[in-house]
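Please walk through the side-chain contacts of this model. The text below takes ring contacts and a metal site in turn.

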Amino acid sequence: MRKVAVVGGGATRCGKREATWRELAQEAGKAMFDSVMNLSPNDVEALLVGAAQPERFTFQVHVAPLVAECLGIKPTKVIAKTELMCASGQAALRYAWACVASGLCDVAVAFGVEKMYMQNMAEAQTNMTCVLDREWDGVNAMSAPPFFAMTAQRHMHEFETTEEQMALVSVKNHHYSTMNPIAQFQKEVSIEKVLQSFMIAPPLKLFDCSGITDGAAGVVLVPAEDASKYTDTPMLIAGSGQANIGNAVNNLASISEWIPLKLAVREALRTAKISLADIDIAELHDCFTISELMEYEAFGWCDRGKGGKFIEEGEPYIGGTVAVNPRGGLLGCGHPLGATAILQSLDIMKQFQGDVPSGRLVKDAEVAVAHNLSGAANVHSLMVYRRG
Amino acid sequence: MKDDIEKIAQPEKITLPQMLDFYPLEDEKNTRISQFFQNLKMGHLTTTKCKSCRSVLWPPRVVCSNCMSDDLEWVNLGTEGELYAFTEMKAGAPLGFEKDLPFCIGLVKIGGLLLSSRIDGVRYEDLKIGQKVQLKVVELENDGRVFYRFKV
Ligand SMILES: [Zn+2]
């Protein structure tokens, strides 16, 4: 396997955008090509487009050639859409990485696009209810908010986790997103504001939940040995891990502990040849506040059930045990499903380059991990990045 | 120029057969687990059990996911479950369920399985973890398809 580097990328502003799916793709594509020297669309041999539900959100399938056409890319090796719901962008990244690492191609683009705002938002909500097993879980209106609400309830029941501790995740990530100009949410929130926000599905309130978001992003991957042709400050892909157990709610390994994440972490650390203590930045999938608490535990930064205490003690802030979501997370930046993992990798690259505002800069960071969960937290996908 | 623009009609609403229908198709023409729904019509919540490795499988299957045997039998899960977790949908229900808001959803332990289910006739404040819940069958008015729920 060849070493692979990310040599640049670009993204749109995220949020409720007055733009179509393909316009978002064009914006991100221009930003991506503008950021990489000595690269033209003609050089791109592989294009992987992470998109969770374009067929439902914009009634368009076969979207990878649509992106290719819009960006003047004529792939000669690999082209496909990748779907893994909330981790669709990471699926694109993983396949682009595998294409370059294997020697199948020398220039691959991992792209991600999601347009989630619809004329009829009830239709958007409906789309999100076929993510779990539609016939046996979705039929009970089991979408992400009620599933993660029950996850939070079990965590509170088993470990005495509190709504205040969950709110702290929202406070932290909204704080960092105020320093991220492309983030959907640009305002600080207080614990009180989170606790008093509109109840979605108890115990989860509006600010416990990531938003509905339009956005797109793309990054360029090449063999590490070629990286200097395109940039002076590349980012290396150091390792990865991915694990899945079950799909329907009945077949999960556990509700209150994310066992596939523990497996994926072990694999990511092994392939990157690092230990947990080496991780300076962790971009974790905070689709809901409870998610981030359970991720601290599954990674092993704290014991099972102690995620709430971990944030109470300030450990996931910059300067603590590990800087978690200094980008602003999904809670602060929004969650344009297919684009999220690409946005994470882009921001980690900017961290390594020192190209983020000082208030959210993790100084001298060398190693970062990016995580996405999908479905009923039954799939966990990880990439490990290293300063090049 | 404007006189040349021809107005064309588009229906106010387009019917989308099955597209956004959450309920499974249950007759023999559409599924090989039609027996599940026939049993449910009789008031029995059942699932498939592998005759070869004895695994109880949920959702019902035609091939055992544990040993790949296709020799399965129907087993009754009983009518009383225990509430493992619950919440209440306050907003954001999918199309077709909006009129039911607010409504409770739970994870119910029954017959060694963990089923997601609507929990009918109760508010969030009145539920607690570990509470007993009873099987309830609902039938769609328009075509007679059935599905399971639980009630307090
Ligand atoms: Zn079997």
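**Rings, charges and a metal site**

The charged end of Arg118(B) lies over the ring of Phe103(B), 3.9 Å from its centre; a charge sits over a ring if NZ of Lys or CZ of Arg is within 6 Å of the ring centre and within 35 degrees of the ring normal. Likewise, the charged end of Arg154(A) is placed over the ring of Tyr84(B), at 3.7 Å from its centre.

This is a predicted model, in which local features need pLDDT of at least 70, side-chain atom pairs count only at pLDDT 80 or more, and totals for chains, interfaces and linings use all residues. Residues are numbered from 1 along each chain as its sequence is written, chains are lettered from A and ligands numbered from 1 in the order in which they are written, and side-chain values use heavy atoms, with hydrogens and water left out.

Rings of Phe, Tyr and Trp (its six-membered ring) pair if their centres lie within 6.5 Å, with planes under 30 degrees apart stacked, over 60 edge-to-face and the rest tilted. The count over all chains is 19 aromatic pairs. One of them, Tyr23(B) with Phe147(B), is edge-to-face, at 6.0 Å centre to centre and 75 degrees between the planes. One aromatic cluster includes Trp136(A), Tyr23(B) and Phe147(B).

The zinc ion is coordinated at 2.3 Å by SG of Cys50(B), Cys53(B), Cys64(B) and Cys67(B) (donors are N, O and S atoms within 2.8 Å of the metal, 3.2 Å for Na, K and Ca). The donor residues follow the spacing C-x2-C-x10-C-x2-C.
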